[in-house]
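Subject: Structure handover and findings

Dear colleague,

Please find the structure below, together with its sequence. After it I have set out what was found, with the criteria given as each term comes up.

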Amino acid sequence: MNKCFLLGKVIGKIDFKFAVGGRHSSVVSFYMQLENKSIVKLITYDNLADYCYRNIKTNNELIVYGKLGNNMEIYITEIYLFKEDI
């Protein structure tokens, strides 16, 4: 499993869904643009998903620690608000 640290800006809306019948209760996905203009998809579950939905907005800059998945998606394990767009 690959681990990664990313710094970038949230682009687009945060997509929040309830997961029914699985091992997770909620899931959030959103896109982040990195310094080199690459765009990555970020995904997280449960309590961290709830935190992201409540606190993360478009144009916020984030520091993300996560794992690289099979489809080049980043599964977030830790997230920090680096700079809030005012």
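Predicted model: local features only at pLDDT ≥ 70, side-chain atom pairs only at ≥ 80, totals over all residues.

A search of the whole structure finds 4 aromatic pairs, where rings of Phe, Tyr and Trp (its six-membered ring) pair if their centres lie within 6.5 Å, with planes under 30 degrees apart counted as stacked, over 60 as edge-to-face and the rest as tilted. One of them joins phenylalanine 5 to tyrosine 65 in a tilted arrangement, at 4.7 Å centre to centre and 35° between the planes. Because phenylalanine 5 lies in strand β1 and tyrosine 65 in strand β4, this pair ties together parts that are 60 residues apart in sequence; helices (H or I, at least four residues) and strands (E, at least two) are DSSP runs, numbered from the N terminus. Phenylalanine 5 counts as exposed at 64% relative accessibility, whereas tyrosine 65 is buried at 19% relative accessible area, where buried means under 20%, exposed over 50% and partly exposed in between (1.4 Å probe, protein chains only). Another pair, phenylalanine 16 with phenylalanine 18, is edge-to-face, at 5.1 Å centre to centre and 85° between the planes. Phenylalanine 18 is exposed, with a relative accessible area of 66%, and Phe16, Phe18 and Tyr53 form one aromatic cluster.

Residues are numbered from 1 along each chain as its sequence is written, and side-chain values use heavy atoms, with hydrogens and water left out.

As for the overall fold, the protein has 1 helix and 5 strands, which follow the pattern β-β-β-α-β-β along the sequence. Its radius of gyration is 12 Å, close to the 12 Å that the globule rule gives for 86 residues, so the protein is as compact as a globular protein of that length; the radius is taken over C-alpha atoms, and the rule is 2.2 Å times the number of residues to the power 0.38. Of the 86 residues, 33% count as buried.

Strands β4 and β5 pair in the antiparallel sense over 8 bridges, with isoleucine 76 in β5 as the bridge partner of glycine 66. In the hairpin of these two strands, which has 4 residues between them, methionine 72 takes a positive phi near 60°. Strands β3 and β5 run parallel and are joined by 3 bridges, and leucine 42 stands opposite isoleucine 74 in β5.

Leaving aside residues up to four places away in sequence, isoleucine 79 touches Phe30, Leu48, Tyr51, Cys52, Ile56, Leu62, Ile63 and Val64, a contact being heavy atoms within 4.5 Å. Leucine 48 is found in helix α1 and, with the same exclusion, touches Ile76, Thr77, Glu78 and Ile79.

How values were computed
Pairing = 2+ DSSP bridges.
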